[in-house]
Amino acid sequence: MYLNAHTYYSLRYGTMSPEQLVKGAIAHDIDQLVLTDINNSSAMPDFVRVARAEGLKPIGGIDFRNGDIQLFIGIARNKEGMRELNEYLTQHLLEKRKFTETPLCEHAFIVYPLESVPKKSLHKNEYIGVRPHQVASLFTSPYLKFQDKLVILHSPTIESQNDYSMHCHLRAIDHNILYSRLKPEMCARHEDRLVTAAQLRKRFRGYNFIVRNTLDLMAQCHLDYEQKTSKNKAVFSISVEDDLALLRKLANDGLEYRYRNAGDTIRSRLNHELKIIAKMGFAAYFLIAWDIVRYSMSRGFYHVGRGSGANSLVAYCLKITDVDPIELDLYFERFLNPKRSSPPDFDIDYSWKERNEVRDYVFKRYGTRHTALLGTFNTFKTRSVLRELAKVQGLTKAEIDAFTSNPRKYRNADEIHRKIADMAVRLSNFPNLRSVHAGGILISAEPLTYYTALDLPPLGFPVTQWDMYVAEDLGYEKFDILSQRGIGHVKEAAEIVLETRGKKIDVHDVKRFKADKLVQKRLFEGETIGCFYIESPAMRGLLSKLRCSDYTTLVAASSIIRPGVARSGMMKEYIRRFHHPDKFEYLHPVMKEQLEETYGVMVYQEDVLKVCHHFAGLDLADADILRRAMSGKYRSKKEFQQIVQRFFDNCKHRGYSDSLTKEVWRQIESFAGYAFSKAHSASYAVESFQSLYLKTYYPLEFMVAVINNFGGFYESWVYFNEARRLGAEIIPPCVNRSRMTSRLIDQQIIVGFVHVQHLEQKFAKHILAERNEHGQFQNIFDFMQRVQAGPEQVSLLIRVGAFAFTQKTKAELLWELYGNVKRKSKPVAQTKSLFEPAPRNYVLPALSHSRLEDAWDEISLIGFPIALSWFGLLQNPIKSDMHAGMLTKHIGRVVEIPALYVTIKYVKTVKGEIMYFAAWVDQNGNYFDSVHFPDSLKLHPFRGKGVYLLRGKVVEEFGHPSIEVHALRKLEIQQDPRGGMG
């Protein structure tokens, strides 16, 4: 008889998970209940699934509220009623409107709380809810005469009285007020807990008709969702048969494009895939992915298809991916097979500038009622919930910072700290906020509102109120439309090449890129700064150690660079076996049989599946669950633990020693959570080769593209440095030559306005619009007349060198600026006057100017010097012939080398001490690495960014040199001569 139950998806209000609610209700002899979370239906699919499994009748609904005020609850008779309620809620959420009118529903009931009954005649489907505490005063209520309309309105929100404090803490967090400031109307009542049906009947003794009405209402309701049956758009064309015919034609057309003269083996593979796709009903899924890619290519957008979808030859032929599965012997069943426990998905990456246009096409093409972004939940994590609880308990900011930085130290400081710590444990992993999945899109056969209401976050596209795990349970296969900066590099570099050289590049001609000897040479030399996924110090070091010059080795490197692999020691072991393939032993014959290609080391996710299946005897479905669980993609810890136990039991049954089983399991753990699928690694390697080809043959165009997309491992100055190393001249921003982003003119890179700190974007765009319409600026007076701006913004441009074309010093320009600033500026839209006012001329004394001043202006405004290098700024320049290229000739020797700090990575030793790996640029602009052990760091710590003198021993690991630093000293630079202008 629960008409108004809540789970913890009534965010910052409810305290029970759907499973806890169902099992708790059953424990209280309840055999049916209505789940009505507040302004959402997030928990509904889980609730239905759990209730059905536990033998409880599920009924769906929604609790509609404006703030703390409960207006009414909607109770669905069936799936259609749930759609009506979800659509009503969606309409208000998308339009961000308060609830003012009751929905007109054919398949749902409306229950008004006794205190909020509207002054109107009630419709047939409308009822009045009486709370248990209101029974005593019911005899005086004017609504008692409507006996056929009264029902029990019990609102289970807490499992027991012990949970009421948890509920109140959530309410205080939600209202962002002190716990002591909570008002009764902000919270549930103490009685809003799980009680037995007998207890409810007892509370309504004397009003049996209310009990009867409640049961009659519930008898008319039932909600059920089919689980694990595909709910995606099932037909792309007009029928399944037509879809299959179209897919076969497109795949065969693509086969000719990809292979020219494909042999029987490839054609047989294609036909095999098409049969599985047809058998599993995924033709429309492939065609929709093809349609999305076709649209984006028609717009000139570049994409990278990756993930397990790259295992598919059909996907390769449809240009969804550029990974050749035949070349890498990728098996299709990793992507799609009848035993796979989770649905497949295509990951399609676009430039960050273009992804939303692709999304917009998908929504318009497949309809907003049937299309939505996939939701997700931000949960209360240990530190975040500690901070929130400490705030509502009135701790000061300093106390909160201390507590959250070291909870163990302070948890027993006093009673309040203990209370906060205990409550944080109880609230840990509670859903806190609804959010948006990184890229998932659902395209549904039915309106999505059968299963969820839809939110509208700042992205502007509707979002489901549940996450990917619920989507999988329901039977949805998502499309991942993602964004990354690397694709922006490739696209813009090709556009710049077309602009500057008139040459069009087919960036999808990956086979040619992979076979190019010069590109392979650049990869071998580690000339990869700016190139997608292969530019970090760790990756360049790995490529050097693996002597990587080919696609296959790069595919492996892309996976073994992942964090867990390095921590487990298996990355180093892989490199050792790569160099000495005859000097190691396989753990077990199965490892040789299954992993000979990777020297007995699990490199890819497929390797984890192989070992679990062939070594431990798990079936492929269990092995896949294990792999996903170790990546954090699981819902049931219990199921995961059962499979883990099965792994160990099977190994024992097969007679393996405990030590062997534990070592294999250790390696599985280190890889499964971080390793890529082979297809995913291959997709990354494809994009790496695209980047590397462009950098090899069009280095300056490529570096400008990297700079303009603000993406990569390093800060922007590193990419400007790399461009300079490759032959570019870096020119400060200029009002006559700059664009918003940087541009290439011959060998010069003109820094874009976007890099000038504190320069307003609106003002910068104003400059460009005026220049495009009326031509270049003649001098600063002409600029001031034509562009309306305050002196502060113009002063920034003067200081950064944007008026250098006038051949006047910055001091002279500033005199002119402030001497003419009060004179009336002409609006931009006006045509030029016949008689322009003359500028005021000043006779100035000789004003000193130096490149040092320019360099400091550049440092303060764009973050790095252009007029002088960092080494040129040194107070006492270091005379040293040592540079990065000489390190291999000094292995085992102690050297001194001046170097500019680039980046640092710290790790903890087995003793828990901190050590650093650092990357540097030498005086020639070349890169090298260093290692700083704990003892060295204690004596010679880092002191921020700048130029250092390093002294240490040159060491070498598998051919890759670095410096084990014994001492380092930060070198002083010349003082800022500008006084207070910095």
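In the predicted model, Lys 23 and Glu 19 form a salt bridge, with N and O 3.0 Å apart. A salt bridge here is a side-chain nitrogen of Lys or Arg within 4 Å of a carboxyl oxygen of Asp or Glu. The two residues lie 4 positions apart in helix 1 (residues 18–27), about one helical turn. Helices (H or I, at least four residues) and strands (E, at least two) are DSSP runs, numbered from the N terminus. Lys 23 is partly exposed at 39% relative accessible area, and Glu 19 is partly exposed at 41%. Buried means under 20%, exposed over 50%, and partly exposed in between (1.4 Å probe, protein chains only).

Numbering starts from 1 along each chain as its sequence is written. Local features need pLDDT of at least 70 and side-chain atom pairs 80 or more, totals for chains, interfaces and linings use all residues, and side-chain values use heavy atoms, without hydrogens and water.

Helix 4 (residues 164–175) holds Asp 174 and Arg 171, 3 residues apart. Their salt bridge has its closest N and O atoms 3.0 Å apart. Asp 174 is partly exposed at 36%, whereas Arg 171 is buried at 4%. In helix 13 (residues 397–405), Lys 397 and Asp 401 are 4 residues apart. Their closest N and O atoms are 2.9 Å apart in a salt bridge. Lys 397 is exposed at 62%; Asp 401 is partly exposed at 28%.

The structure holds 66 salt bridges. A network of them links Arg 799, Lys 810, Asp 854, Asp 857, Asp 976 and Arg 978. The chain has 37 helices and 22 strands. Of its 982 residues, 57% count as buried.
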